[in-house]
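This briefing goes through one protein structure by topic. Please look at the sequence and the 3D view first, then read the points below.

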Amino acid sequence: MSAKSAGTRTRVSPRARLPVALAAAALLGAAAPTAYATLADGAPPPAASPAGARPFVETRLLFGTERPDGGPAVTDRQFMAFVDHEVTPRFPDGLTVQEGRGQWRGASGAIVRERSYELILLYPSSEAEAARARIERIRGVYTDMFAQESVARVDDRVRVAF
């Protein structure tokens, strides 16, 4: 450290900052298991839950639109017809579709950038096992119908109030 005359700012050298940064990283690393343990049970902190919230599962499915075989991309009309015929009958209580742009590494090793859709489903935790089979059917139909390598699936436990 080098200090200037009294009443001026003290400058801390980069070398002196390193032990402080390492100590902070160690403290954060030690706290991480506790934070993850809190999230692992699927229940957000009580302050984050709205009154009357119930345990639900949120499933997000990520659908690409480019075909690995070079065929024409899935159109908006085709995707919405898929939702109407394959998803809505399996989840008639509601769903959300969002358009996006995504990228991922395909089976060939090449990075694929494509227009995509995110489908969000919410259902009571008590119905998770029954929903699993319906969701897997949706994924399978889409991959077969549109020659896709996969449909990504993300599940999370949440608390929901309507």
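Helix H2 passes helix H3 in a right-handed crossing; a crossing is left-handed if the near helix is turned anticlockwise from the far one by less than a right angle, and right-handed if clockwise. The model is predicted, so local features need pLDDT of at least 70 and side-chain atom pairs count only at pLDDT 80 or more, while totals for chains, interfaces and linings use all residues. Residues are numbered from 1 along each chain as its sequence is written, and side-chain values use heavy atoms, with hydrogens and water left out.

**Helices**

- Helices (H or I, at least four residues) and strands (E, at least two) are DSSP runs, numbered from the N terminus.
- H2 and H3 pack at an angle of about 140 degrees, and their axes are 11 Å apart. Axes are lines fitted to C-alpha atoms, for helices over the stretch in contact, and angles run from 0 to 180 degrees between N-to-C directions.
- The two helices H2 and H3 are therefore oblique to each other (under 35 degrees is roughly parallel, over 145 roughly antiparallel, 65 to 115 roughly perpendicular, the rest oblique).

**Aromatic rings**

- The whole structure holds 11 aromatic pairs. Rings of Phe, Tyr and Trp (its six-membered ring) pair if their centres lie within 6.5 Å; planes under 30 degrees apart count as stacked, over 60 as edge-to-face and the rest as tilted.
- Phenylalanine 79 and tyrosine 142 have ring centres 6.0 Å apart and planes at 75 degrees, so this pair is edge-to-face.
- Phenylalanine 79 lies in H2 (residues 76-87) and tyrosine 142 in H3 (residues 128-145), so the pair ties together parts 63 residues apart in sequence.
- Phenylalanine 79 counts as buried because its relative accessibility is 0% (buried means under 20% relative accessible area, exposed over 50%, partly exposed in between, with a 1.4 Å probe and protein chains only).
- Tyrosine 142 also forms an edge-to-face pair with phenylalanine 82, at 5.1 Å centre to centre and 65 degrees between the planes. Both phenylalanine 82 and tyrosine 142 are buried.
- One aromatic cluster is formed by Phe63, Phe79, Phe82, Tyr117, Tyr142 and Phe146.

**Strands**

- Strand S5 (residues 111-124) runs antiparallel to strand S3 (residues 54-64), with nine bridges joining them. Two strands pair if DSSP finds at least two bridges between them.
- The bridge partner of leucine 61 is leucine 119 in S5.
- Strand S4 (residues 96-105) is also antiparallel to S5, and 10 bridges join these two.
- Five residues lie between S4 and S5 in their hairpin, where glycine 109 takes a positive phi near 95 degrees.
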